[in-house]
Amino acid sequence: MSQFFQQLVNGLTLGSLYALIAVGYTVVYGIVQLINFAHGEVFMIGAFGALSVYLLFFDGQTGVWILPLMIIGAMLCSVGVAVLMERFAYRPLRNAPRLAPLITAIGVSVFLQEFVRLFYDKIPTFPSAKQNIPFPQIDVVTGKALEVGGVTIQRAAIFTVAALIVCAALLWYFVNRTKSGRAMLAVSQDPDTSRLMGINVDRIIVVAFVLGAVLAAVAGISQGLQNANIDFRMGFIAGLKAFTAAVLGGIGNIQGAVVGGLVLGIAESMAIQYIPGQFGGSSWKDVWAFVILILVLVFRPQGLLGARVVDRA
Amino acid sequence: MNATDLAKLRLPETTVEKYGRLGWPASLAGAVVVIAGALMSWSFNQQVLGNLSIYLNPGALQILTIVVALVAMVLLFSVRGPLARRLGPWLDTTRGLRTAGTALLLYMIIVLLAIGIDGNGLVNVDPGGWVSFLGALLLFAGSRLLPDRVGLQDMEQAKLPSWFEILVIAITMAAILFGAAYALGLEDAWSFVLFLLFAATIAAVALRLGVLSWFGHIATRNRKVLTLAAFLVAFLFPFTQNGSDANMSIATQVLIFAATAMSLNIVVGLAGLLDLGYIAFLGSGAYVSAMLSGSAFATIHWKPPFLVVVLIGATVAMTLGLIIGSPTLRVSGDYLAIVTLGFGEIFRLTMFNLDGINGPLLSNGPNGIPAIPDLKIGSFNFGDEHTLLGIPLGRFSNYYFLLLVLIAFVIVVFARLNNSRIGRGWVSVREDEKAAEAMGVNVFGLKLLAFAIGAFLAGLAGTIKAHQDVAVSPDQYIFLESAFLLAAIVLGGMGTIAGVLLGATILKLLPEKLRFFSEYRLLFFGLLLVVMMRFRPEGLVANRRRLLEFHEEDEELAVAVEQEHLTVEEAI
Amino acid sequence: MTVTETRRTAREIGQPVLEASGVTMQFGGLLAVNKVNMTVREGEIVGLIGPNGAGKTTFFNCLTGLYKPTSGQVRFAGAPRKPESPKRQQSEAAEAVPVQPLAALTPLPPKPRAVVRAGMARTFQNIRLFANMTALENVMVGRYCRTSSGALTSVVRGPKFRREEAATRARAQELLDFVGLGRSTEHLARNMPYGDQRRLEIARALATDPKLILLDEPTAGMNPLETRQASDLIFKIRDSGLSVVVIEHDMRFIFGLCDRVLCLVRGEALIEGTPAEVQSDPRVIEAYIGTGEEEDEDAVPEQPQDVADSGEETP
């Protein structure tokens, strides 16, 4: 039984990570119908941003007060990249056929990966990014795991889940109680009418990208704390799975992204544990996510909670 | 509209008026001086850029400059002089000369840079180099002062005898053949860049003169000759290698890549389906072929004749295509991209895991299946060296010919499907899916057909690839490879044959030849995708329909395209 | 060629081709179409009128399988006709085209392709041509469902392929001539004038060899001359053996064209009958004028003869 709970905990942890990244995909897709292929790289750059802040100012220390500063550093980097991406790569292609922004997104993704890989160590005293870089282990959020009734809970895992809860709450507040948030909902329903109502659609689109980036940055730090290292490729698979989560929950639907992420994480953990025979085990875990994606698209393309996309057809 | 216009540097009107008359003589002087300089020594150091240090015996790169300068002189004499009456009214010489001037200047700058960097300092540059540089500068400046040309006749109306057109095609093809052979032989990256610049210059000048579109028209009119010539050239290529197999290895890589890209072109270019996991179909074919190859590591102990293997491999790939296509082709295009990407990853992971521990032993896991023996069809062993017409042809040459057959097949399938009921159906689906459905077009069926055919052809290519590469392993079939295939199509020109071939060649060839770039090649690849999509989404060789699809708002373009279509029979 | 008299009775009205009974379409809380019945017979031209938002296009969509009706049934006269001989250019006298006996009415599945194969074609309210294809290619796409060259045939290019391609091309050219676009075959659909685009859409629909053609506002945005030409074209279509249903707002056009008219208001059938009956029904007049709709000027004609004769006054 404790195995089950252990996997449940693992699943929630994993799922929280997916959820944080998935929101970025879903929000952008809901507004501009673009699969921001490079969002995984935004996540990766968030992690590197946090690491950079640490290396620049706090190298060697582990006090937990550093964490908020790292978070800010991560957010600055993620948001910066996301805004630049939107402004220079995606905005000019707003009216192009769907293929163009998608290819561009792939290009941006490859570019960012390589950029980090090649140039990270050009910053004085920074290590080379061509292989894993150890991520600082901050007090309180890393260290000795907690044992609760036979289930091992990593401290970093608690941080991740807590971060999701906080972010989800703030997100809810933002979307439902602030002007920008509601404007975002309006634009994802009907951009033309929103424009007529005086909403600056361009600005709202930037807001959407920023929102996704902020959450991705948090996810980046979580991943770094959990795995104790980061590398330039971490965005690729995480990004794909997060997109799966977004579709699973209902693309364009923010609650859907969160729910989808959690469900996916739990499903993955359970699959590792409970699928019998050779196909169980962690070497197949990535496959299950994609299988789930295909199943969702075949049997319930609107996702668990229903999609919220403008019908462009 | 097109932002790629280097020759847009314009002098203020007053300068042009004041000094305009100097334009022609200055340009002529420039061209002559360039030639003079090219006949002298450019570099003291004999190792740089091939030997450019002998007087009156120009090295290859110097000959290239002489060629460009001669072209410039021809253009100048078309404005004023012996050729003025025959060529003058047709060619936009001013723009051509400006392009030539800019290019020559760029060329000489790179030459100087190369000699300086590789040859330890600009002091190594002999007077000849500076003379040619000066000449290029003169030509550049002079051409800027030339007046714009108006009232030119449309080259489409040029009435030239048929044999002349065929001759032009033949000469162009031969030039491409020898140019390619030469280019592949260059080992020095600087030389290669310079040669590329030369080729680009000729193309750009031809474009600016209007000659390129004329060539396009005669190519269309003499389509069969062109195709024949192209294949002849491709066929003769191995014979220019003098027995060396090194370049043939690269050539076979290019051909496999091009064949796969052309097959993907059916899925993406014709049917408009975005497949990001296409590499999996290539991999399926390759793995099937490897498993049935009789290699010591093969997991299936059965070795059927190769033609059977080909069929099995292609069929397996096609089945996978049908399996993945049936559920997902009904959903929107964006989702299709991600799903196919997921499938590509599933394939790779599965191959990685079927090592007997995590799954049944089929693919030999991360190590893959090495030591695949060479193909044998009948008594012809692809691994052996054969001699034809007195020239030894090695292993890679053998595969090269087989791949030529493959790519010819793929091209034929592509072209014939394009001009058929199926092809029209695909275009209608791309244009307006719902309307197509309402007109009775079997939208889903057509999409599935494209997917299946694409998968089949990729599987076909894969079966050959396994033998050629001698080994298969999961990390040959990563997502990045799918991205490269897609890029070849997108950059070259979706839905065109020449475009995709060009794109595939560029993408596969450049990294091989520009070795000093290899660290940064992925970086540039990403950047290239972004820039291309921004400025020329239809690709290098633009199919008329694509131009319209990507520039929906452009009314003038729509009218222009229609005009052209009405006067010239539609090509590929 | 002007038509001063209606040619309504140029052909005999035959067996029912389409029978829609109790068709209802509900979108969530909105009842767009409510138990509408419509029967169309061979050789009939039926008009479908009603204010904007009455559910006319929705009803069309239910007939053609674009929407699956919430309830009700659409029955259609089954198997497709194959024209024995090409449709000839229309001469002054209506030529007798041999009519095959129709199959019995069978229920139609709500799938656009099945509907087209059975013989019902349509045009769209906002023109949905394949913009970057030429006129000829557009019409050739219409032939898709009546031809069968598959991938293998297209690659091998045997005699069957060549024959079918030639036949498709010829038929497309013929249809373009039929609608009066014979000279515009190589023009891109997007470059054609509006009136031509409408005609092209009709040609494309005709390419599917339908028994019944549904025209959704074919004269929207046309001037009186073009409207007259459209009217002639529809008669030509009828005379070549098809039945036609037309949605329109132009009352003069409808009443001069149709054998019967069905008026929908707010999703329900208000009245069905001959143009005279419908025109003079006070509820119809109320629906068009009383609701303050501003139709084009033609919608409120200067006293159609029958109304004046019957002594009714327009309020």
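This is a predicted model: local features need pLDDT of at least 70, side-chain atom pairs count only at pLDDT 80 or more; totals for chains, interfaces and linings use all residues.

**Entry 1: what I am looking at**

**Entry 2: chain B as a whole**

I began with the secondary structure of chain B and found 23 helices and four strands. Next I asked how the radius of gyration of chain B compares with that of a compact globule. For 572 residues, such a globule would have a value near 25 Å, and chain B has 26 Å, so the two agree. I also looked up the box that its C-alpha atoms fill: along the principal axes, chain B takes roughly 80 × 60 × 45 Å.

Then I turned to the inside of the chain. Of the 572 residues in chain B, 50% are buried. I checked the contacts in chain B that have a separation of 6 or more, and 77% of them come from residues 24 or more positions apart.

**Entry 3: the two domains of chain B**

I looked up where chain B is divided: domain 1 covers 6-237 and domain 2 covers 242-541. The C-alpha centres of these two domains of chain B lie 37 Å apart.

**Entry 4: where chain B touches chain A**

I moved on to the contact between the chains, which takes 38 residues from chain B and 37 residues from chain A. On the side of chain B, at least two residues each come from helix H13 (306-328), helix H14 (333-353), helix H19 (479-492), helix H21 (521-535) and helix H22 (544-550). Which helix gives the most to this side of chain B? I wrote down H14(B), with 14 residues. I then sorted the chain B side by class and got 24 nonpolar, eight polar and six charged residues.

**Entry 5: the six-stranded sheet of chain C**

In chain C I traced an open sheet of six strands with mixed pairing, in the order S6-S7-S8-S3-S9-S10. Its edge strands are S6 (120-122) and S10 (268-273) of chain C, each pairing on one side only. From one strand to the next, the twist averages 20 degrees.

I looked at one pair in this sheet more closely. Strand S3 (residues 45-49) and strand S8 (residues 243-247) of chain C are parallel, with four bridges. Within that pair, Val46(C) is opposite Val245(C).

Which strands of the sheet does helix H1 (residues 56-64) of chain C touch? I listed S3, S6, S7 (212-216), S8 and S9 (260-265) of chain C, and the helix direction makes about 150 degrees with that of S7(C). Helix H7 (residues 224-239) of chain C lies across S3, S7 and S8, and runs at about 150 degrees to S8(C).

**Entry 6: the hairpin of chain C**

Strand S1 (residues 16-27) and strand S2 (residues 30-41) of chain C run antiparallel and are joined by eight bridges. I marked one bridge of this pair, between Pro16(C) and Arg41(C). Two residues lie between the strands of this hairpin, where Gly28(C) has a positive phi near 60 degrees. S1(C) also pairs antiparallel with strand S4 (residues 71-77) of chain C, over five bridges. There I found Ser21(C) opposite Gln73(C).

**Entry 7: the two domains of chain C**

Lastly, I looked up how chain C is divided: domain 1 is 8-119 + 209-309, and domain 2 is 129-207. Between them, 14 residues of domain 1 of chain C are in contact with 12 residues of domain 2 of chain C. Helix H2 (112-118), S7 and H7 of chain C each supply at least two residues of the domain 1 side, and H2(C) gives the most, with three residues. That side of domain 1 of chain C has eight nonpolar, one polar and five charged residues.

Notes. Residues are numbered from 1 along each chain as its sequence is written. Chains are lettered from A and ligands numbered from 1 in the order in which they are written. Two strands pair if DSSP finds at least two bridges between them. Axes are lines fitted to C-alpha atoms, for helices over the stretch in contact, and angles run from 0 to 180 degrees between N-to-C directions. Two residues are in contact if their C-beta atoms, placed from the backbone, lie within 7 Å. The radius of gyration is taken over C-alpha atoms; the globule rule is 2.2 Å times the number of residues to the power 0.38. A residue is buried if 20 or more other C-beta atoms lie within 10 Å of its own, exposed if 12 or fewer, and partly exposed in between; C-beta atoms are placed from the backbone. Ala, Val, Leu, Ile, Met, Phe, Trp, Tyr, Cys and Pro count as nonpolar, Asp, Glu, Lys and Arg as charged, and the others, Gly among them, as polar. Domain bounds come from an automatic or database domain assignment.
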